[in-house]
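Please look over the sequence and the three-dimensional structure shown here before reading on. The briefing that follows goes through them topic by topic.

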Amino acid sequence: MDIDALLTSAAINTGLSVLLFSLYSILRKQPSNSIVYFGRRLASLNNRNSRNHFSFERFVPSPSWIVKAWETTENEILAIGGLDAVVFQRTLVFSIRVFSIAAVMCLFLVLPVNYYGQEMKHKHIHAESLNVFTIANVKEGSRWLWAHCLTLYIISCSACVLLYFEYKSITKMRLAHITTSPPNPSHFTILVRSIPYSVGESYSNSVKKFFTDYYSSSYLSHQIVYRCGLVQKLMVDAEKICTKIKAVPNGQPSLKPCCLCGGSTSFKVLTDEPETVKDSFSYSNLNLATRDNERSAAFVIFKTRYAAVIATQMLQSPNPMSWVTELAPEPHDVLWSNLCIPFRQLWLRKIVTLLATVVFMVLFLAPVTFVQGLTQLEKLSQTFPFLRGFLKQDLINHVLTGYLPSVILMLFLYTVPPTMMLFSSVEGPVSRSGRKRSACLKILYFTIWNVFFVNHVSGGFLYAFNMLSSVGDIPVELAKAIPNQASFFVTYVLTSGWASLSCEVMQPFSLLCNFLKKHLRRNHEDSSDGLVSFPYHTEVPRVLLFGLIGFTYSVMAPLILPFLLIYFLLAYLVYRNQVVNVYIRKYESGGQLWPIVHNTTIFSLVLTQMIAIGVFGIKKSPIASGFTIPLIICTLLFNEYCRQRFSPIFKKNVAQVLIEMDRRDEQSGSDGRDPSTDAFSILSVTANFS
């Protein structure tokens, strides 16, 4: 691909992004769209914007939302979105910092070396091939390869230093989050699964007897999980319907007009009769606490936080498959449907989901191979000779090579998140945050393999399997392929990066649903029932994939860095706006996403360094290859230090912190279980109706 095709792709994506951002700045001012673009604020303030008066300002694009997003402080993000939102923002800040350093070094040092690496007559810049600006243009045995090695050292060292300070800061924030958070039932509660069955004795009595015998000084109470999910779902649906049925005002017909045909529906609007409903049906009529409805899972509540943690760190019986304990999630974080899954099924479920994920990744090679064919028009014209005349047209050539492949791949990738979320649900996690974290890892592995690795393979299915079977040859094969695939990934950053951010801020699906609701169903009331939490499982892998692409191509093809830096800057503003205005916080994982970010960044650095060794070997520069080996060793040692120093705090609780919190509760005259908060009553009721 030449520079003209790159500029064509950049122009298309820039125009599309500017158009969507401008349209967003207009749509967000319309009162009818307030629930779409200010859903979190409306849910927290319980306020509705009813101003429908006409004003010219409502239809003029403005950058006010960018200014407000920029002025939002980290403390405000922490108060609104929680520690997870802060961790995501820190990931973007880290990316901006490290790739700013990379852009300065590569554009002013590496790019000139690449451009003048061969003794050749250069064309005009717009007519040059993109390969001229990559390391492929440097001749073999060139003394200027030391510039690439030096730049790689600077980028790697800068990334490690920034990672260290971020890891240290986020670790302190996690400890502060634990110590300053108000008493929560999850602090004192453990989840017990695989309770042994006893003939003639209920699970509830077995739990009470076991923990009274072995934890008599710290055991407080317990709550068995009952399987009545269908009944509870019917109750919730009935309550929602009752709250939406309103009395008909006097003088108005009792029939609502049909929005599609202009006629009337056959349903009458009934008056609200709560007393009649209460007389005819009562929750007390449901006898949930029966032996048949009990499941072999229970929430056991202890008197102190420290006692609850100790109970989860030890085997409860000689049989490790019975009386299995773990810390309970927050009440709103519990995935109740998975609590009834027998514990002995979990290992089988994990194997099945692993196999299903691998099969899905293999099947996805088909669209990736098709996309590769679009980026290589010579092979495409050889396969389909009747397209040669059509492909020779400049505009068609530029669109096919510079824009269409990344668009097709992005459309196929939209099927990945719901599929991986389904696989993660089948695995059996007990918390919503755990399910989202599992889906995040699956999507991350999937995108790294199918978007990064497979797109560097030019031989389709068989070549991909051969490459996977010989893992030791992967760096060499990537070293050969990466300079040739630079054009695709530059356009991928433009399409999947810039365009996806504009779609994210536009919220097209929510906007369409809101339009249908208010103009077809004629329901002008804004409800917060459809608001969702931040999609970390899709956005974190996307950001980390762009980080991998940036590290890999920073030295090999520096032209990608300006486009990548613009993406991270836009992402910083867009996601801040979304956290403040759109998404609600349903639960909190305490910054558990940062270890994923750290480990993926280390993987990206090591992979980049290994690919650099392969490229230096191809360019016959043994000195540059030799100097890169110590860099890999130092990066791995740095990762091991962080794993020993910071990682345990994200996996285990700190006894000193928990004991101090228990003592503080004791000194203040409170045991941390204030009945006014209804925390334990909420846990008990929710467990009954799970």
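Which residues of α18 are buried? They are Val-416, Pro-417, Thr-419, Met-420, Met-421, Phe-423, Ser-424 and Glu-427, where buried means under 20% relative accessible area, exposed means over 50%, and partly exposed lies in between (1.4 Å probe, protein chains only). This is a predicted model, in which local features need pLDDT of at least 70 and side-chain atom pairs count only at pLDDT 80 or more, while totals for chains, interfaces and linings use all residues. Residues are numbered from 1 along each chain as its sequence is written, and side-chain values use heavy atoms, with hydrogens and water left out.

**The chain as a whole**

- The secondary structure of the protein chain comes to 30 helices and six strands, with helices (H or I, at least four residues) and strands (E, at least two) taken as DSSP runs and numbered from the N terminus.
- Of the 690 residues in the protein chain, 51% are buried.
- The protein chain exposes about 34100 Å², of which carbon and sulfur atoms supply 63%; accessible areas come from the Shrake-Rupley method with a 1.4 Å probe, and for residues only the protein chains shown count as cover.
- Among the contacts in the protein chain with a separation of 6 or more, 83% are between residues 24 or more positions apart, a contact being heavy atoms within 4.5 Å.

**Helix α18 and what follows**

- The twelve residues of helix α18 (residues 416-427) should span 16 Å at 1.5 Å a residue, and the end C-alpha atoms are 17 Å apart, which agrees; the expected span is 1.5 Å times one less than the number of residues.
- Just after α18, Gly-428 takes a positive phi of about 100°.
- Ser-433 is placed in helix α19 (residues 432-453), and Ser-433 counts as buried because its relative accessibility is 10%.
- Leaving aside neighbours within four places in sequence, Ser-433 is in contact with Asp-333, Tyr-587 and Ser-589.

**Nonpolar cores and a surface patch**

- The largest nonpolar core has 132 residues, and those with the most contacts inside it are Phe-99, Tyr-492, Ile-549 and Phe-568; such a core is a set of buried Ala, Val, Leu, Ile, Met, Phe, Trp, Tyr and Cys residues joined through side-chain atoms within 4.5 Å.
- Helix α5 (residues 74-115) gives the most to this core, with 18 residues.
- Apart from this core lies another, of 18 residues, among them Val-207, Tyr-226, Ala-308 and Ala-311.
- When residues up to four places away in sequence are not counted, Phe-568 touches Leu-92, Ser-95, Ile-96, Phe-99, Val-543, Phe-546 and Gly-547.
- Ile-351 has its place in helix α12 (residues 346-363), and with 40% relative accessibility Ile-351 counts as partly exposed.

**Salt bridges**

- A search of the whole structure finds eleven salt bridges, each being a side-chain nitrogen of Lys or Arg within 4 Å of a carboxyl oxygen of Asp or Glu.
- The side chains of Glu-326 and Arg-193 meet in a salt bridge (3.9 Å, N to O). Glu-326 lies in strand β6 (residues 324-327) and Arg-193 in strand β1 (residues 189-193), so the pair ties together parts that are 133 residues apart in sequence.
- In that pair, Glu-326 is partly exposed at 29% relative accessibility, whereas Arg-193 is buried, with a relative accessible area of 4%.
- Another salt bridge joins the side chains of Asp-665 and Arg-305 (2.7 Å, N to O). This pair links distant parts of the chain, with Asp-665 in helix α29 (residues 655-667) and Arg-305 in helix α11 (residues 305-312), 360 residues apart.
- Both Asp-665 and Arg-305 are buried.
- Arg-643 and Glu-640 also meet through their side chains in a salt bridge (2.7 Å, N to O), and because they are three residues apart in helix α27 (residues 622-645), they are separated by about one helical turn.
- A network of salt bridges links Glu-74, Arg-90, Arg-97 and Glu-166.
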